[in-house]
Each structure stands twice: as structure tokens, then as C-alpha cells.
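Please look over the sequence and the 3D structure shown here before reading on. The paragraphs below then lead from one part of the structure to the next.

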Amino acid sequence: MEKTLFQKIADKEIPAQIVYEDELCVAFRDISPAAPVHVLLVPRKPIPNIAEAKAEDAELLAHLMFKVREIAQAEGIAESGFRTVLNTGSDGGQTVPHLHIHILGGRSMQWPPG
Ligand code: 5GP
């Protein structure tokens with residue numbers, strides 16, 4: 001299986017501004033930021049998206065959610081607030097088929113999203 005774009009970033013084959021990494025996940029700045037803070041948090045395991053996650057991924061997904069909190073704190077947006085987004089599939093606007101959590105902050109967000 002060919003590596004996904006985000007696996008290549010996690011393996012440092014493609015450069016990115018990595019802000020956090022551990023044995024299970026990597027977080028890096030989005031190449032086209034939609035807010036002053038725009039970080040993508042991805043599992044090293046190439047789960048295509050949340051709809052295709054398996055029961056065995058539950059612990060990994062919990063790990064990611066807890067890391068959202070740490071990354072928001074490190075980025076200085078935990079107190080002001082922030083948005084987390086998981087785009088899934090075609091209608092969800094997903095463009096990279098490797099599960100990723102957008103962490104957006106540093107400005108006021110609108111609702112509903114487009
Ligand atoms: P999606 O649309 O799949 O939810 O989000 C994919 C995100 O990946 C987009 O926000 C896009 O800007 C970002 N992205 C795409 N290619 C690259 C890349 O090569 N490097 C980085 N850092 N971000 C990327």
C-alpha cells in the first residue's frame with residue numbers, strides 16, 4: 001500500500017511544521033491555514049476517516065481527543081476557545097483520505113459551517 005500524504009509527513013518524507021508527535025500521532029500546521037492557528041492532528045495509523053474506524057481503534061481515537069486539549073493549550077487557544085473538525089468523505093469535504101482532526105483557533109468562528 002502506498003503511503004498517504006499524512007503518513008509521508010509523519011515519517012518526515014515531506015516537510016511540515018510539526019508541533020507535536022508521539023508514538024501514536026503527529027500534529028503539524030496546515031499548509032493553507034483557515035485561521036491564525038490551524039493544526040492537523042493525525043494518527044500514524046492510516047485510518048481513512050472516522051466512518052471507517054474500527055472498534056480496535058477506540059483507544060487511539062481517545063488518545064487523539066486528549067491530545068487536542070494539550071495542543072490547544074500549547075497553541076494558546078484553550079481559554080479563548082477553538083474549533084475541532086473532522087471532515088468525512090465527499091459530502092464532508094474531506095480531501096486527504098487519512099483521518100485528521102483540524103484544530104482551528106485564534107479568531108471567532110461562524111456557525112453553521114459552509
Ligand atoms: P480535509 O479537506 O481533508 O479535511 O483537510 C485536508 C487539509 O490538509 C487541508 O486543510 C489542506 O490545506 C491540508 N494539506 C493538504 N496538503 C498538505 C500538505 O502537504 N501539508 C500540510 N501541512 N497540509 C496539507
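What follows treats the nonpolar cores, the ligand, and then some individual residues.

This is a predicted model, in which local features need pLDDT of at least 70 and side-chain atom pairs count only at pLDDT 80 or more, while totals for chains, interfaces and linings use all residues. Residues are numbered from 1 along each chain as its sequence is written, and side-chain values use heavy atoms, with hydrogens and water left out.

In soluble globular proteins, nonpolar side chains tend to be buried together. A nonpolar core here is a set of buried Ala, Val, Leu, Ile, Met, Phe, Trp, Tyr and Cys residues joined through side-chain atoms within 4.5 Å, where buried means under 20% relative accessible area, exposed over 50%, and partly exposed in between (1.4 Å probe, protein chains only). The largest such core has 16 residues, and those with the most contacts inside it are Val 39, Leu 41, Leu 64, Ile 71, Ile 101 and Ile 103. Strand S2 (25-29), strand S3 (37-43), helix H2 (58-74) and strand S5 (101-105) each supply at least two residues of this core; helices (H or I, at least four residues) and strands (E, at least two) are DSSP runs, numbered from the N terminus. Helix H2 gives the most to this core, with six residues. Leaving aside neighbours within four places in sequence, Leu 41 is in contact (heavy atoms within 4.5 Å) with residues including Val 26, Leu 64, Ile 71, Ile 101 and Ile 103. A second, separate core of eight residues includes Phe 6, Ala 10, Val 26 and Phe 28.

The ligand is surrounded by 16 residues, the closest being Asp 30, Asn 87, Thr 95, His 100 and His 102; a residue is counted as near if one of its heavy atoms lies within 4 Å of the molecule. These residues divide into seven nonpolar, seven polar and two charged, where Ala, Val, Leu, Ile, Met, Phe, Trp, Tyr, Cys and Pro count as nonpolar, Asp, Glu, Lys and Arg as charged, and the others, Gly among them, as polar. The largest share of the shell, three residues, comes from H1. An oxygen atom of the ligand lies 2.7 Å from a polar backbone atom of Thr 95, and a polar side-chain atom of His 100 lies 2.8 Å from an oxygen atom of the ligand. Taken alone the ligand exposes 520 Å², of which the protein buries 82%, with areas from the Shrake-Rupley method and a 1.4 Å probe; for residues, only the protein chains shown count as cover.

Lys 3, in the segment before helix H1 (5-10), is partly exposed, with a relative accessible area of 31%. The side chain of Lys 3 makes a polar contact of 2.6 Å with the side chain of Asp 11, and another of 2.5 Å joins the side chains of Lys 3 and Glu 13; a polar contact is a pair of N or O atoms within 3.5 Å, and within protein one must be able to donate a hydrogen and the other to accept it, while residues adjacent in sequence count only if both atoms are side-chain atoms.

Most residues other than glycine have a negative phi, and most peptide bonds are trans. Lys 12, which is not a glycine, has a positive phi of about 65 degrees, and a cis peptide bond joins Trp 111 and Pro 112, with omega about 0 degrees.
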